[in-house]
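Please look at the structure first, and then we will go through the cavities.

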Amino acid sequence: MTTYTAPAVVAELLSGDTPVVLFGAGDLGVMAHYALTRLGVRVTCFSDGRAVKHGTTVRGLEVRAPEQLAELPGDTHVFLCGNYLESMTDRLRGMGFTRIHTCVDLLDGFDFTGSDTGMEPVFIERKIALHKRECLKAEERASEALVLKYLDVVVTEACSMKCQDCSNLMQYYTKPKHSDLDLLESAVDRIMDSIDGIYEFRVLGGEPFVNPRVHRVIDKLTGYEGVEKVVVYTNATIVPRGENLECLKNDKVVVDITNYGTHSRKHDELIEVLDAHGIANLSKIPVWTDSGRIKFVERSAEELDDMFQNCCVNDVLTLLNGKLYRCPFSANGTNLGAVPETSADVVDLTGDRAGAELRADIRRLYGRSTHLTACSFCNGRDYRTPRIEPAIQTRRPLPLV
Ligand code: SF4
Ligand code: SF4
């Protein structure tokens, strides 16, 4: 067991009265506030770029707009509690702040047992790990290493539910197929050979347990040395049995359950089975944005770049039917034939692309900061996208217009 050591900045904060700001009032901000408070540090306020948060309170503290931070002295300590690290840092530096910290050293290894954050331990662990990856990614952007944060591995186009607003566009598939596993494995092997590591594989569909051979993929992914987590996303309509259950008994696996209430008819039974076999799992009630419609809208390049740069899934590389895409909407929209395929938006692994050539292609796709062709057909996925009721079911597939 490793012993937690608070970062040196905590001692400095305890011995002075310099203001402390948590930049980001989401889950990481809440966790950072809990940790700092437990260590005896008094936090001055939260700050957040999202206008909807301004003037609200989080854990009893005011959430200020970034412009309001100009009132604070330049030696204020600011903790970055979000994942837009480079843009946040640039903004703070532009305002004259120099004492800017990530939350990695503060949160990594901190004991959240009995915390009042309302978050499950597995969720906390993943949030911290992803923040670490995000910080590493920012460092790596300036170096030669190529480490991916996520890779979505789609094992089937089929789902046991038909949500009319599914952001992975399952509602448009008229004849969904399971993925060709030989092609999938060959593609993942070549990706892994040409990059330096990956934090998290995400196994999904549709509903991954609809595919009776999903165990073959999960066993393959957990077998890679350079992988920390394999997260299986399920809607809790199917309780895996046999090999599909056995493959989950691995320290790298986390089953991430979306609880759609009565639609998730096996929810409690699934958790019981997973717990009984010591399989890490977490269950959450989803919040949905209106991001599941394919509809072309004429927008300027600047508007599209802004959509792309603010999108919460713009770095979720997605492998679907032997092709690698920059986000799940781009993957499924192109796979459905609704979004035109352009070579700049896709790395095609259906042939024998490998080695240095593949590495360069992945770097180009993963590193780009301008919009995808798919963004013109998408409603966006960021804090400005309207919220909608999740999981309204449609009886028939929606027509592609
Ligand atoms: S959102 Fe609904 S349709 Fe889409 S994958 Fe999840 S359960 Fe299936
Ligand atoms: S198409 Fe563009 S805006 Fe839509 S989810 Fe993908 S990256 Fe985000």
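The largest cavity is lined by 14 residues, and C311, C327, F329, C375 and C378 are the ones nearest its centre. A cavity here is a set of points, on a 1 Å grid over the protein atoms alone, where a 1.4 Å probe fits but cannot get out, and lining residues have an atom within 4 Å of a point.

This is a predicted model, where local features need pLDDT of at least 70, side-chain atom pairs count only at pLDDT 80 or more, and totals for chains, interfaces and linings use all residues. Residues are numbered from 1 along each chain as its sequence is written, chains are lettered from A and ligands numbered from 1 in the order in which they are written, and side-chain values use heavy atoms, without hydrogens and water.

How much space lies in the largest cavity? About 140 Å³, where a volume is the space filled by probe spheres set on the points, joined across faces, edges and corners. Its lining divides into 10 nonpolar, three polar and one charged residues. Nonpolar means Ala, Val, Leu, Ile, Met, Phe, Trp, Tyr, Cys and Pro; charged means Asp, Glu, Lys and Arg; the others, Gly among them, are polar.

What takes this space? Ligand 2 does; to sit in a cavity, more than half of a molecule's atoms must lie within 2 Å of its grid points.

There are two cavities of 30 Å³ or more.

Notes. 1 Å grid on protein atoms, 1.4 Å probe; cavity = no way out; pocket = protein on both sides within 12 Å on 5 of 7 lines; lining within 4 Å.
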